[in-house]
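Please look over the chain shown below, and keep it in view while reading the report that follows.

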Amino acid sequence: MSIELSFRRWRAARPGACQRALWIDQALALDSSAPWRALEGEQRFDVCVVGGGFTGLWTAHRLRDLDPALRIALVEADDCGTGASGRNSGGMSHWWSKLPALLQLLGPEDAKRVLLASIALIEDIEAFLGANGIECEFRRVPSVWSATATAQVGAWNGMFRAAQTLGLAPPYRALAADELRAMFGRGPYYAGVVEERATRVQPALLARGLRRAALERDVQVFEHSPVSRIRGEPGRLVVHAGSGRIVADKVVLAANAWMAHLPEFRSSVVVVSSDIVITDPIPELLDRLGMRQRPGGVNSRQMLNYGGLTPDGRVYLGRGGGTLAFAARIGPAFDCSPRQAAEVMEDFRFLFPELREVPLARAWAGPVERSTTGLPWFGRLRADARVHYAMGYSGHGVAASALGGRILASLVLERSDEWTSLAECFQRARRGRYPPEPLRYLGGRMVRAAVARKELAEREGRRPARLDKALARLAPATITDSRRHAP
Ligand SMILES: Cc1cc2nc3c(=O)[nH]c(=O)nc-3n(C[C@H](O)[C@H](O)[C@H](O)COP(=O)(O)OP(=O)(O)OC[C@H]3O[C@@H](n4cnc5c(N)ncnc54)[C@H](O)[C@@H]3O)c2cc1C
C-alpha cells in the first residue's frame, strides 16, 4: 500500500515574542560542532529520520551501531534539540511509577521485562555518553516523589503493591516527617518517598551532544528543513523537506507532538503544553536559606509539578497539563504562554515560600503528546510498513526515547531481537481512544478546568466538588498517576 503523509506548515518559534528554553540557549552557546546546513536538491539514502530530538538522534546512532555502511539522513525543521528534547526538565527516569499500569496492561512477566529494560537503559545511556564524550551534566542525585496536599498522600502505594506482586524492591524509601522538614523547610510537603540516585541531565546539552556525535559517525544531518510531506511510491519513499527531497527505502517518524495530527496517531494522543519557570542563579541565597541541597522531583498532582535546582544554583519549576491543542495544532502558546507561566509562578511561590520575593528570570513551554495510557508505543504504519514511528511518551521521554532509538533501529533493519519483542509489548499495551474533535477539545477544556478547581480546593484544604472529582477522573494518566490507565 502506498501513502501520502502531510505535515502541518512549519511554524518557527518567534524570537522576542517568547523566550526560548534556557537550556537551549546555553547548549547552543557552547556548541562548537559543525553549523547547520539545509537540505538541497534530491539526495538518496537508505533511511531517512524525520525529527532531530532525542528519538531521532538515538535512532540514527543505534542504526549506525547495527550497520556501519547504512546511508542515514536526519531531517529537522529547526535546530536539532529545540523541540521537547531541549526544553524539558531533564529528569531521566525509569518506569517504576508506571508499574501498576504495566502490570494491569501487560501481566506480570512483560510488565517486569519492560520495567527492567527501562532501568537498564539508563546505564546504557551513561555508557554511550562516556564513549562519545558527551558532557550534559549527567548526575545521580536524590529525587523526591512527594505529596504537596493531603489528598496526594500515598500516590506511590500502587507502585509498592505492584512491586510486591512481582517480588521486586523499588529504589524508593519513605521519608519521615522530620526528614521532609529538613529537606523542604516551610514548603507544603505532607509525605514523600525519595530515590537517592535518580538521574538528571541538562537536556539540550544531551541533544546537541548526540547531534555532534551523529555528525562524527557519518549521519547526514539537515536542519532548518521542515518536512512537508512524505509520499510512498513503489520501491521508494520520497520525503519533501524545505527546498529539497530525500529518496529513501525506509523512513522513521520522530517528530513527536508535531506529528500527532497524522491519521495513525490522532485518536490516540492529545497534545498539551508543559510549562517551566526558572530563577537566575541564586547560590548565595540558597546557601543562606539552607536550600542548596534541596532535592528535585515531582509531586502527585494531576497537573503535575516537577523541578529542582541546577548545578549553578537556579531554581526551576514546571507544570504539566497546560494549554490544550485543538486538533493537535501546536501554536505559539507551546513555546511560551504568559497565562500558563503566571499559573506556574503561583505554584512556585506556593512550593518555595522562602523564595517568594525572588524574581523569575524566564519562562517557556513545550508540547507533550499524552497517550490514553501514559505509555508510548513504537511500530510501523499500518498504511505503509516502510514507515516507522515512536509516539506517546506522555511527558516521560528523556530516557524512554533512548529505548525508542533501540527499538526503531531494530524494526527498521527487520531484526527479531529483544527490542522488537519489547515493541510488541508496547503495541499490546495500547488501549482506548480519545473522542474526535471538536468534542475532544471542548471536553478536554472542561476536564482540565475541573482538575484545576479540584486541586485548588485540595491545596486550600477544602473538599472538592463531587462533579469536579468525577470529571478529573477522565483526565489522561500522568507520570505519577497509578490509578487510571485508559479514559
Ligand atoms: C516542558 C517539558 C518538560 C518535560 N520534562 C520531562 C522530564 O523531566 N523527563 C522526561 O522523561 N520527559 C520530559 N518531557 C518529555 C520529553 O521531553 C519528551 O518525551 C522527549 O523529549 C521526546 O523526544 P522526541 O525526540 O520524541 O521529540 P522532540 O524533542 O519534540 O523532537 C521532535 C523534533 O521533530 C522536529 N519536527 C517537528 N516537525 C517537523 C517536520 N515537519 N519536519 C522535520 N522535523 C520536524 C521538531 O522540531 C523536534 O526537534 C518534558 C517535555 C516538556 C515539553
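## Burial and surface

In this predicted model, buried residues, meaning those under 20% relative accessible area with a 1.4 Å probe and protein chains only, make up 61% of the 487 residues in the chain. The chain exposes about 19,700 Å² (accessible area by the Shrake-Rupley method with a 1.4 Å probe), and carbon and sulfur atoms supply 53% of this area.

## Overall fold

The chain has 13 helices and 17 strands, where helices (H or I, at least four residues) and strands (E, at least two) are DSSP runs numbered from the N terminus. Its radius of gyration, taken over C-alpha atoms, is 22 Å, close to the 23 Å that the globule rule (2.2 Å times the number of residues to the power 0.38) gives for 487 residues, so the chain is as compact as a globular protein of that length.

Among contacts (heavy atoms within 4.5 Å) between residues at least 6 apart in sequence, 77% join residues at least 24 apart.

## Helix H11

Helix H11 covers residues 418-428, and Trp419, Thr420, Leu422, Ala423, Cys425 and Phe426 are buried in it. The buried residues of H11 pack against helix H4 (99-131), strand E16 (377-380) and helix H10 (400-412). At the start of H11, a side-chain oxygen of Asp417 reaches to within 3.0 Å of the backbone nitrogen of Trp419.

## Basis of the values

Residues are numbered from 1 along each chain as its sequence is written, and side-chain values use heavy atoms, leaving out hydrogens and water. Because the model is predicted, local features need pLDDT of at least 70 and side-chain atom pairs count only at pLDDT 80 or more, whereas totals for chains, interfaces and linings use all residues.

Notes. Buried < 20%, exposed > 50% of the residue type's maximum accessible area, 1.4 Å probe, protein only. Polar contact = N/O pair within 3.5 Å; in protein donor to acceptor, adjacent residues only side chain to side chain.
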